[in-house]
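Please examine the sequence and the structure shown below. The paragraphs that follow begin with a single residue and then widen the view.

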Amino acid sequence: MTSPLRQDRCTIYDSARLGFNRSSAEEGRRSGVASVSPKATILIVDDEPDVREVLEEYFITHGYAVVGAESASAAKAMAAQHSIDLALVDIHMPGEDGLSLARHLRERYATIAIIMLTSAAMVVDRIVGLEMGADDYVPKPFDPRELLARVKSVLRRTSSAGRADIGATKVRIGRCVLDLAAHRLMDEKGEDVAMSPLEFDLLKALSEHPNRALSRERILNLNQQRDWDPFDRSVDLRIMRLRKKIEPDPEHPRFIRTIRNEGYIFVPDGE
């Protein structure tokens with residue numbers, strides 16, 4: 001028999017008050033309503049199976065694709081297997097907690113949005129969660145309708161469509177945004193990242209030719225840097241410096257990659 005849900009998890013649990021019933025959720029799942037063209041894929045991470053089940057059904061009925069994980073380790077496996085748009089992460093879980101998981105997701109998957117589920121009284125949790133890269137937090141107990149509204153808001157800011165709204169002269173590169181008009185590179189907090197004019201030229205050339213390998217000579221020609229020698233190591237050294245600034249893991253670059261015997265390639269989604 002299913003154990004009762006803990007009241008501190010969520011204000012509204014029973015399906016009637018959630019605005020749907022389990023049979024309608026199952027019908028939607030079987031009919032493929034959410035799988036035909038999901039609004040986004042949500043990863044729900046909570047060690048309480050009842051909470052996961054209710055939230056999974058709730059988001060499925062609202063047109064989202066959903067995967068669930070009972071622990072941080074299971075969530076890491078899910079993130080590696082699926083293209084996740086947003087993760088709902090409960091902070092307090094047995095073993096590795098949600099804060100550690102949020103750090104892992106932010107370091108390895110720069111495009112995943114993260115909403116932390118926190119205890120209402122734990123202000124420290126909320127602050128630490130935001131410092132670790134969470135996009136928002138929802139204190140418990142909560143109404144799923146508020147959670148849905150928060151999810152929609154965060155996805156508008158961080159989804160592919162939302163990223164396009166940062167402007168025609170701005171390009172998201174890894175964990176940073178390159179402002180081509182202002183010659184600025186900004187981190188996740190919107191703070192300036194130090195960058196030399198030649199480093200800017202390199203990023204500009206790569207960002208204007210996504211998913212295309214550019215040779216050293218081609219990069220220099222695009223920016224009319226005639227004083228550079230394409231056969232020296234200056235381009236490579238500057239690429240190394242840029243990776244330290246924009247890559248979540250510079251030792252394993254995902255956004256600016258080396259293509260042997262061809263040069264470098266900018267991969268916008270890091271996949």
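Beyond its neighbours within four places in sequence, Ala75 is in contact with Leu43, Val45, Ala69 and Leu101. The model in which these contacts occur is a predicted one. Between the C-alpha atoms of Ala75 and Leu101 the distance in space is 8.1 Å, although 26 residues separate the two in sequence. Ala75 has a relative accessible area of 0%; because the limit for a buried residue is under 20%, Ala75 counts as buried.

Ala75 belongs to helix α5. This helix spans residues 72-81, and its buried residues are Ala72, Ala74, Ala75 and Ala79. These residues lie on the same side of α5, because the arc they cover around the axis is only 155°. The partners against which the buried residues of α5 pack are β1 (41-45), β2 (65-69) and α6 (98-108). On the face of α5 turned away from the buried side, the exposed residues are Ser73, Ala80 and Gln81.

The confidence of the prediction also deserves attention. The average pLDDT of the chain is 77, and 71% of the residues score at least 70. Residues 1-37 have a pLDDT below 50, and the model gives this stretch 57 contacts beyond near neighbours in sequence. For residues 160-166 the pLDDT likewise stays under 50, and the model has 9 contacts beyond four places in sequence for them. Where pLDDT is low, predicted coordinates should not be read in detail.

Technical notes: Residues numbered from 1 in each chain as written. Predicted model: local features only at pLDDT ≥ 70, side-chain atom pairs only at ≥ 80, totals over all residues. Heavy atoms only, no water. Buried < 20%, exposed > 50% of the residue type's maximum accessible area, 1.4 Å probe, protein only. Helix = DSSP H or I, 4+ residues; strand = E, 2+ residues; numbered from the N terminus. Arc of directions from axis to C-beta. Contact = heavy atoms within 4.5 Å. pLDDT = per-residue confidence, 0-100.
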